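Let us walk through this model one piece at a time. Keep the sequence and the 3D view side by side.

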Amino acid sequence: MNCGELLIIGGAEDKCLEGEVLNKFVELATRNRDGGIGILPTASEIPEEVSTEYIKIFRDLGVGRVEVIKVDSRQDADDPAICEQLTSFSAIFISGGNQSRLFELIGKTKFHDALSKAWHKGMVIAGTSAGASILGKHMIIAADTMLNDNKLKVEIGVGFGFLDGLIIDQHFSQRGRFDRLLSAIAGKKEIMGIGIDENTAILVKDGHFEVVGQHQVLVLDGSTSDYINITSSDNGSEELTLSGFNLHALTRGYRFDLLTRKLLMKKGIQQ
């Protein structure tokens, strides 16, 4: 099957006619397809406000059909009519909010299954902020600082599973999330961490991604690590001693091979 592109956005993308990230999404959604865009605001506590903003910008960017997919319960997510509405679109946009809420309402439902099947048949899917994190097989669902010793404890949950072997974090540099992503992948050599800055995205297709947008994407790869020691304290926090991790920092136009875990240069630049 020919899977569709995934546009995974770090949040706070520019919502204007000149916005690079959303222009890229509209380009993908309308290329050789005419089903329009479905907006999935389930993660948000203010879905109507969020939907209104995206409807406006997508229509301003020339999309004729833009509709909201209303999934507010697991009953909705198992409704055949809503699943049929989903499959009528060329592309789906998953808004920000709370990624745990997304999985609680949609994970392992008929809607989840329909979304996966549609993507495998070529549907384009974009997710921003929480909508980005949910696209991996695993995701960070909580990262709390222990009050008594200022240490970080990270909790990992299950995502929608479109990308194996990845944990995606968003608002990355802007919210200082390096430590929590490092903690999330420590000791898990099979999993890479990808931290995406705001107004920045990765466009994933055929086993590699390209950076789109204003800022930076950080890739943390512990597959070559030669020493990892995780010490747990009595209160449940963790201290990490790590060596041999690979770190890749990429900006607009640079590409990365998710299979070989290596940098692919910009087109026209010799490696």
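Asn 199 is found in the loop between β9 and β10. Strands here are DSSP runs (E, at least two residues), helices are runs of H or I of at least four residues, and both are numbered from the N terminus. Phi of Asn 199 is near 55°, a positive value in a residue other than glycine. Asn 199 is buried, at 8% relative accessible area. Buried means under 20% relative accessible area, exposed means over 50%, and partly exposed lies in between, with a 1.4 Å probe and protein chains only.

A word on the ground rules. This is a predicted model, in which local features need pLDDT of at least 70 and side-chain atom pairs count only at pLDDT 80 or more, while totals for chains, interfaces and linings use all residues. Residues are numbered from 1 along each chain as its sequence is written, and side-chain values use heavy atoms, with hydrogens and water left out.

Now step back to the whole protein. It has eight helices and 17 strands. The radius of gyration is 19 Å, close to the 18 Å that the globule rule gives for 271 residues, so the protein is as compact as a globular protein of that length. That radius is taken over C-alpha atoms, and the rule is 2.2 Å times the number of residues to the power 0.38. Along its principal axes the C-alpha trace spans about 55 × 50 × 35 Å. Of the 271 residues, 51% count as buried.

Next, the sheet. Strands of a sheet pair through backbone hydrogen bonds, either parallel or antiparallel. Two strands count as paired if DSSP finds at least two bridges between them. Nine strands form an open sheet with mixed pairing, in the order β3-β2-β4-β5-β1-β10-β11-β16-β17. Its edge strands are β3 (66-68) and β17 (262-264), each of which pairs on one side only. From one strand to the next, the twist averages 20°. Such angles run from 0 to 180 degrees between N-to-C directions, and the axes are lines fitted to C-alpha atoms, for helices over the stretch in contact.

β2 and β3 pair in the parallel sense over three bridges. Ile 39 has Val 68 in β3 as its bridge partner. Strand β2 (residues 37-40) is covered on both faces: Ile 37 and Ile 39 are buried on one side, Gly 38 and Leu 40 on the other.

Move along to β5 (residues 124-128), which holds Ile 125. Ile 125 counts as buried, at 0% relative accessibility. Ile 125 and Glu 5 are 120 residues apart in sequence, yet 6.5 Å apart in space, C-alpha to C-alpha. Further on, β10 and β11 (residues 208-213) pair in the antiparallel sense over six bridges. Val 204 has Phe 209 in β11 as its bridge partner.

Another strand to inspect is β12 (residues 217-221). Five of its five residues are buried, so β12 is largely enclosed by the rest of the structure. In a regular strand the side chains alternate between the two faces of the sheet. In β12, Val 217, Val 219 and Asp 221 point one way and Leu 218 and Leu 220 the other way. β12 pairs in the antiparallel sense with β9 (residues 192-196) over five bridges, and Gly 193 stands opposite Leu 220. β12 also pairs in the antiparallel sense with β15, over five bridges. There, the bridge partner of Asp 221 is Asn 246.

Where does the largest pocket draw its lining from? β8 (163-170) and β10 (200-205) each supply at least two residues. The largest share, four residues, comes from β8. In total 18 residues line the pocket, and Phe 162, Leu 163, Val 204, Gly 207 and Leu 258 lie nearest its centre. A pocket is an open set of points on a 1 Å grid over the protein atoms alone where a 1.4 Å probe fits, with protein on both sides within 12 Å along at least five of seven lines; lining residues have an atom within 4 Å of a point. About 260 Å³ of space lies in the largest pocket.

Finish in a loop. Ala 12 sits between β1 (6-9) and α1 (20-30). Its phi is near 50°, a positive value in a residue other than glycine. Ala 12 is partly exposed, with a relative accessible area of 41%.

Conventions. Points joined across faces, edges and corners; volume = space filled by probe spheres on them.
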